[in-house]
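Open the model in your viewer and keep the selection tool at hand. This tour goes stop by stop.

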Amino acid sequence: MTHTSEALVDQLEDLGVEYVFGYPGGRIIELLDELPESDVEVVRPRDEREGSVMAEMYGRLTQTPGVLAGQGPWVGSIGTIGQMEARLSSSPMVALTEASERGDYSTLAPYQQSRGDYGGLDLPKILDAVTKEHWFPRSPTETLRSVQLAFKHATAGRPGPTAVILDGDAITEAVPEDPIPPVWDAGEQVRNWDAAPTDRDVAAAAEALAEAERPVIIAGNGVHAAQAYDELESVAEAYDAAVATSYLGKSTIPETHDLAAGVIGSFGHEGANRVVSEADALLVVGCRLNPMDTNWQAPSFVRPDEQTIVHADVDTRNAGWVYPADVGLIGDASESLRALVAAAEPGGPGESAGNDWARDRAASARESFADPKCESDAVPIKPQRAVKEIEAVVDEDTIVTADSGNNRFWLLNYLQTPAIRTYFGSGGVGGMGWATPAAVSAAIATDGDVVGVAGDGGFAMTMTSVEVAVEQGVAPTFVVLNDTSLGMVRQMQAADGDIAGVEFHDTDFVAVAEGFGAEGVRATTPDELGVALREGKDNDVPTVVDVRIDRDEEMADQLQSSFYAEVGGLHE
């Protein structure tokens, strides 16, 4: 006799699941009770919020579903942070949770009950608002099939989070020997197929790009999702197109490439925004063009009446969603880009010596990665200089995770990524506290060098992830850009003190790090920061670098694009 929990673990092994980011509680205990005898390793975060971010980052980085396991009320509350980021950042993720059902007592003044019955919580409604799909199986057969479907849907089309809510008999009973309907082989049931654009649309897109004098590509997170890095570079070279990225698309092309123009957006590179505005044809790949990307639709930025727009996306609803598109390429980004390369005519733009516009404009646009303050020796440390010290230790094998707030905009502008897949930020839902658990997850997934960057507010939200890194034997470097405040909000004040809740107690992050078993260093000068970062990279335990930055450096005033100013600088 095989219990459902045992069969479920067998399925996870068949599906190649390496890690479950799980916190014991409720019916999930049945699952975690079986995992020690399996090939699946449990990474126990300090709470479900951190676990959800770790699972999301694992999915985003590997493009295989990251698995979160935890008790229903908490996966449906603090654990929704990572699921929301997964939904808006297109990260494949599966949440295995439960309804905290207590047999015949579930309808009687229920305790933690999450089935949606009278008097209880409604976990299905909560997850319905966040996930792509969710399942609430009622039997062992449904449980096993639901888990298979959760993994399938997490990677089908536009990736995202799915969930299975385990309940009572559906996880505790024995699996029938010959169930009807049958439970198929997990690997076969979970298979997906990539969609590709039509030949007609590819031909129309190729013609538009070939005839353009100033073609520009906007590469978004969909390129990361499809891991279509080589294809992106091939299209850029085939059509002699400059490549700008969205924030979530940062590092889809090395930002040192001679066709790379930087990151667009309201706090993006002025150079990249200018290149997009000057284009006569735009190829948008895997980018929904959210308000931050489009400078809140500043009239002079993207102009559908004057520019030909080709929009490539895995979901037909996204093509032409924000701006009317002349051509839609509906399919996986790698398929669409490969088709465009194949459609490029021999002797076309990429082989023409006469069209140097893209390389010339990209070169001038990349000047936005520099600023005189990046060389400043001032104390407190200028955030611009802090980013350049971080850049100095980031090589092609180093991953940077960036939190929300001012820190991510300093990084966006002044960290010039040297290779693909080296930068990931909290930019879907954009929650604070993301970078630290994400850095731990990236270190676990790659066993490589990782630098997690956050402000002191964001770091304090999830700094217990440092202890998880110690426990897992990985050694990220955590950089805290510390201005003892909620910097972005504080800088919105018309006068000091007119917004409540923006000042923080000066926490001793060095002592915190040491308490977790990590190393802690305080850097008050640029030289101290450089030394700390280099030593942190060589450490075999995690290192927390508390960087005292100049809190008077106004991010919005310095980094706001001219196009964003055109619509009044709405800010966040």
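In which helix is glutamate 535 found? Select residues 526–538: that is helix α23, and glutamate 535 sits in it. A word before going on: this is a predicted model.

**Stop one: a charged patch**

Stay with glutamate 535 and colour it by accessibility. Glutamate 535 counts as partly exposed, because its relative accessibility is 48%, and partly exposed covers the range between under 20% (buried) and over 50% (exposed). Select Glu396, Asp397, Asp449, Glu514, Glu519, Asp538 and Asp540 along with Glu535. Together they gather in a patch of negative charge on the surface.

**Stop two: a buried pair**

Next, look for salt bridges. Side chains of opposite charge can pair when their charged atoms come close. The count for this model comes to 34 salt bridges. Start with glutamate 255 and lysine 250. Their side chains meet in a salt bridge, at 2.9 Å from N to O. Are these two residues buried or exposed? Glutamate 255 has 2% relative accessibility, so it counts as buried. Lysine 250 has 0%, so lysine 250 counts as buried too.

**Stop three: a pair along a helix**

Select residues 333–343, which make up helix α14. Show the side chains of arginine 338 and glutamate 335. They meet in a salt bridge, 3.1 Å from N to O. How far apart are the two in the helix? They are three residues apart, so about one helical turn separates them. Arginine 338 is partly exposed, with a relative accessible area of 40%. Glutamate 335 is also partly exposed, at 25% relative accessibility.

**Stop four: a network**

Move to arginine 548 and aspartate 546. Their side chains form a salt bridge, again given N to O, at 3.1 Å. Both residues are buried. Now widen the selection.

**Stop five: a covered helix**

Finish with residues 406–414, helix α17. How many of its nine residues are buried? Nine of the nine are, and the helix is mostly covered. Click along it from Asn406 and Asn407 to Arg408, Phe409 and Trp410. Then go on through Leu411, Leu412, Asn413 and Tyr414, which are buried as well.

How values were computed: Residues numbered from 1 in each chain as written. Predicted model: local features only at pLDDT ≥ 70, side-chain atom pairs only at ≥ 80, totals over all residues. Heavy atoms only, no water. Patch = residues over 30% accessible without salt bridge, like charges linked within 9 Å, V, L, I, M, F, W, Y side chains within 5 Å. Areas by Shrake-Rupley, 256 points an atom, 1.4 Å probe, with all protein chains shown as cover. Salt bridge = Lys/Arg side-chain N within 4 Å of Asp/Glu carboxyl O. Lys, Arg positive; Asp, Glu negative; His and termini not counted. Charge placed at Lys NZ, Arg CZ, Asp CG, Glu CD. Helix = DSSP H or I, 4+ residues; strand = E, 2+ residues; numbered from the N terminus. Buried < 20%, exposed > 50% of the residue type's maximum accessible area, 1.4 Å probe, protein only.
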